[in-house]
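Here's a quick briefing to read alongside the model. Have a look at the structure first, then come back for the notes.

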Amino acid sequence: MNSQQPTPSEPEREREPEEGGSPVGRRLLLGMLGLGALGVAAAPTLQRGLESFLGGAADKDPTGLTGLLPNGGGFRYYSVTSSVPHKNADDYRLTIDGLVDHPTTYTLSDLRALPQTRLVRDVQCVTGWRVPHTPFEGVRLSRLLDAAGVRSSAGAVRFKCFDGTYTESLTLSQARRADVLVALRMQDKDLSHSHGGPVRLYVAPMYFYKSAKWLSGITVTSDVRPGYWEDRGYDVDAWVGRSNGRDDEAT
Amino acid sequence: MRPHETTAEPSKTGERVSSSRVRRFTRAERWVHRVTALLMGLCVLTAACLYVPQLAELVGRRALVVTLHEWSGLLLPLPVLLGLGSRAFRADLGRLNRFGPHDRVWLRSALRRDARPASRPAGKFNAGQKTYAAWIAGATLVMLGTGLVMWFTHLTPLVWRTSATFVHDWLALTIGIVLAGHIGMALSDPESRRGLRTGAVSREWAEREHPLWRP
């Protein structure tokens with residue numbers, strides 16, 4: 001039955017040349033593992049070099065293909081739903097309600113008429129990608145909260161998005177920070193739909209999942225309720241470098 | 001080996017028409033390849049939907065796509081591990097691991113783009129196939145390691161995660177290119193595909209492509 005059993009009619013088989021030889025395959029495999037570890041160790045240096053090289057190349061690249069390369073300075077599109085409606089200056093509304101004295105609805109031009117703040121920080125995703133020195137511009141969230149008149153029983157703020165699914169939240173003191181914006185512009189351009197336009201949240205000191213896209217509602221509540229990714233395991237207090245695992249240097 | 005699978009080989013009672021076919025892979029080996037290919041395909045497709053902005057916008061549903069990507073990646077080494085239960089698979093792993101002097105000849109010819117059969121000596125697997133097998137196995141494990149670091153965000157400090165993302169992204173791009181080469185080679189050689197589909201190849205093909213193989 002076994003094909004290796006010699007049959008009388010067959011001539012003596014030659015030995016296969018593969019039975020000896022050096023274990024190059026194993027060395028190659030272990031070499032790849034070593035290279036991977038080395039890559040992780042050298043990544044901070046390599047990444048800085050590539051970011052500046054690809055950033056320079058992207059300026060001269062009419063095809064936009066460099067944006068698809070890792071560290072080509074590109075953002076990554078994240079949406080938790082299958083499709084997101086488009087909103088513009090005509091039909092965009094931002095409502096502020098909950099534990100406030102004056103529930104308010106803003107149009108896009110209302111928001112544009114308010115004083116704008118511009119921040120330039122690194123965008124840092126919790127999984128590891130980042131986009132260095134990204135300007136965001138918009139209205140301080142604290143200004144909108146003050147205008148609505150937050151009641152003394154309030155302790156937190158909850159955000160709703162017009163994708164219909166995504167939610168986020170901050171404590172009231174986090175929401176009042178000067179580096180938390182209701183952002184209208186990014187990279188000195190109006191926010192495009194794929195970046196969460198026309199209006200998104202921008203929480204500069206936290207991982208980017210806190211910066212909810214397609215912002216449509218701000219509700220002042222008594223307690224923090226975990227948001228979409230936080231129900232799926234991420235930290236609610238998402239300080240860059242001080243959460244989701246550790247206390248590294250903040251960006 | 002099961003009786004109904006042996007028709008591709010010379011039967012005990014004598015030569016038949018089917019004697020022109022040579023057995024190359026057992027059923028277990030073919031299933032290892034099939035399931036690995038399926039999981040790898042799922043990994044690559046979901047990766048594209050997570051990474052390429054146009055596809056990400058088209059597909060959305062990030063939580064679902066992430067879950068699919070994580071689990072197809074985690075399960076990717078499993079078919080090979082289960083395959084270790086098969087004697088034929090273990091024997092072929094041994095063949096893939098060992099490089100003889102003829103493999104050096106093959107690699108040198110490949111680098112010189114010398115495609116004459118005489119300058120491409122090969123056993124059951126040629127040096128290119130051996131190199132590919134070892135490289136993709138190593139690369140898969142690196143992807144698994146860096147992927148786990150990105151998956152479990154409480155495991156490591158942020159700087160590790162950023163570094164793991166860096167390696168994961170660039171290696172993914174490299175794997176995409178190498179994998180395209182692997183599939184391209186298979187597309188250009190119907191008989192080698194038949195070998196993985198049916199388990200047997202023509203004797204003529206075996207003697208031409210793998211002259212040192214003694215099936």
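A residue counts as buried here if its relative accessible area is under 20%, as exposed if it is over 50%, and as partly exposed in between (1.4 Å probe, protein chains only). By that cut-off Cys43(B) is buried, because its relative accessible area is 12%. Bear in mind that this is a predicted model, where local features need pLDDT of at least 70, side-chain atom pairs count only at pLDDT 80 or more, and totals for chains, interfaces and linings use all residues. Side-chain values use heavy atoms, with hydrogens and water left out, residues are numbered from 1 along each chain as its sequence is written, and chains are lettered from A and ligands numbered from 1 in the order in which they are written.

**Cysteines**

- Cys125(A) also counts as buried, since its relative accessibility is 6%.

**The five-stranded sheet in chain A**

- Strands are DSSP runs (E, at least two residues), numbered from the N terminus, and two of them pair if DSSP finds at least two bridges between them.
- Chain A has an open sheet of five strands in the order S2-S1-S10-S5-S6, with mixed pairing.
- Its edges are S2 (104–106) and S6 (167–171) of chain A, each pairing on one side only.
- From one strand to the next the twist averages 20°, using axes that are lines fitted to C-alpha atoms and angles that run from 0 to 180 degrees between N-to-C directions.
- S1 (residues 94–98) of chain A pairs with S2(A) in the antiparallel sense over three bridges, and Leu94(A) sits opposite Tyr106(A) in S2(A).

- S3 (residues 117–124) and S4 (residues 130–140) of chain A are antiparallel partners over seven bridges, with Glu137(A) in S4(A) as the bridge partner of Arg118(A).
- The two make a hairpin with five residues between S3(A) and S4(A), and Gly128(A) in the turn has a positive phi of about 130°.
- S4(A) is also joined by five bridges to S7 (residues 180–186) of chain A, running antiparallel; here Arg140(A) stands opposite Leu181(A) in S7(A).

**Where the chains meet**

- Contact (heavy atoms within 4.5 Å) links 59 residues of chain B with 59 residues of chain A.
- Together chain B and chain A bury about 5,000 Å², 61% of it on carbon and sulfur atoms; that is the accessible area (1.4 Å probe) lost on putting the two together, summed over both.

Key
Helix = DSSP H or I, 4+ residues; strand = E, 2+ residues; numbered from the N terminus.
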